[in-house]
Amino acid sequence: MEQEIVAVGGDLEPATLIGAYSEGLFPMPVGRHLGWFSPDPRAVIPLGGLHVSRSLRRSLAGFEIRIDTAFEEVMRACGDPPRPHGWINDAFVDAYTRLHELGWAHSVEAWKEGELVGGVYGVRIGAFFAGESMFHRVTNASKVALWATVELLRVEGVQLFDVQWMTPHLASMGAVEISRDEYLRLLASST
């Protein structure tokens, strides 16, 4: 697997971010610099292929799903410093909160007894959604948020759900890897 960085530098302005996502790039810090990545292979979740285990299906009723009610909270929870491999810093929170205010970035949140306990956030351009990160504070909360995200995207006619790099957690939920070339073809027809 190539975790390919294709550029270094630039900024996190809304036009830069939307332009980058539209071309198959996403940003992450690389030391003190901004790196732009385009992995090959690329992980995606087929919107008809999410794996929902019996235990997850039983858990669904225990959560309330909300959309875009706590975007910055979701981002900050995803960027919690004790989490391994954390990369979401204040500059990213500020930039994506601005994208959210402009209608490009969204959160799908799992709530339990009035508390935010899990969530997913990402960027939506046309029929494309780039899932950036997710978190959980109680068992299954991130899985429930991911399930709700897939259901929402299916209803809204999204064609491509990008999750960037494969992880065991995403694989267990039905994510698959595709070549960069195939990804870019799907992206071009979705944005």
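Asp 68 counts as partly exposed, with a relative accessibility of 27%; buried means under 20% relative accessible area, exposed over 50%, and partly exposed in between, with a 1.4 Å probe and protein chains only. The residue is found in the loop between strand S5 (64-67) and helix H3 (71-78). Helices (H or I, at least four residues) and strands (E, at least two) are DSSP runs, numbered from the N terminus. Asp 68 has a positive phi of about 60° although it is not a glycine. Most residues other than glycine have a negative phi, and most peptide bonds are trans.

The model is predicted, so local features need pLDDT of at least 70 and side-chain atom pairs count only at pLDDT 80 or more, while totals for chains, interfaces and linings use all residues. Residues are numbered from 1 along each chain as its sequence is written, and side-chain values use heavy atoms, with hydrogens and water left out.

Asn 140 is another residue that is not a glycine and has a positive phi, here of about 70°. Asn 140 sits in the loop between S8 and H5 and counts as buried, at 16% relative accessibility. A cis peptide bond runs from Asp 40 to Pro 41, with omega near 10°. Pro 41 belongs to the loop between strand S3 (33-37) and strand S4 (42-44).

Helix H4 covers residues 90-101. Its 12 residues reach 16 Å from the first C-alpha to the last, close to the 16 Å expected at 1.5 Å a residue; the expected span is 1.5 Å times one less than the number of residues. Just after the helix, Gly 103 takes a positive phi of about 90°. The buried residues of H4 include Phe 92, Val 93 and Tyr 96.

The structure holds 8 aromatic pairs. Rings of Phe, Tyr and Trp (its six-membered ring) pair if their centres lie within 6.5 Å; planes under 30 degrees apart count as stacked, over 60 as edge-to-face and the rest as tilted. Trp 87 and Phe 92 form an edge-to-face pair, 5.4 Å centre to centre with 85° between the planes. Trp 87 is buried, with a relative accessible area of 16%, and Phe 92 is buried at 2%. The rings of Tyr 96 and Tyr 121 have their centres 6.1 Å apart and their planes at 75°, so this pair is edge-to-face. Tyr 96 lies in helix H4 and Tyr 121 in strand S7 (residues 115-125), so the pair ties together parts that are 25 residues apart in sequence. Tyr 96 is buried at 0% relative accessible area, and Tyr 121 is buried at 0% relative accessibility. Ring pairs link Phe 71, Trp 87, Phe 92, Tyr 96 and Tyr 121 into a cluster.

Charges also lie over rings: Arg 42 over the face of Tyr 183, at 4.0 Å from the ring centre, and Arg 66 over the face of Trp 111, at 3.9 Å. For this, NZ of Lys or CZ of Arg must be within 6 Å of the ring centre and within 35 degrees of the ring normal.

Strand S7 leads on to strand S8 (residues 128-136) through a hairpin with 2 residues between the strands. In this hairpin Gly 126 takes a positive phi near 60°. S7 and S8 pair in the antiparallel sense over 8 bridges; two strands pair if DSSP finds at least two bridges between them. Val 120 has Met 134 in S8 as its bridge partner. S8 is mostly covered, with 8 of its 9 residues buried.

S8 also runs parallel to strand S9 (residues 160-164), and 3 bridges join them. Here Leu 160 in S9 is the bridge partner of Phe 128. S8, helix H5 (residues 141-155) and S9 make a right-handed β-α-β unit. A crossover is right-handed if, with the strands pointing away from the viewer, the path from the first strand over the helix to the second runs clockwise.
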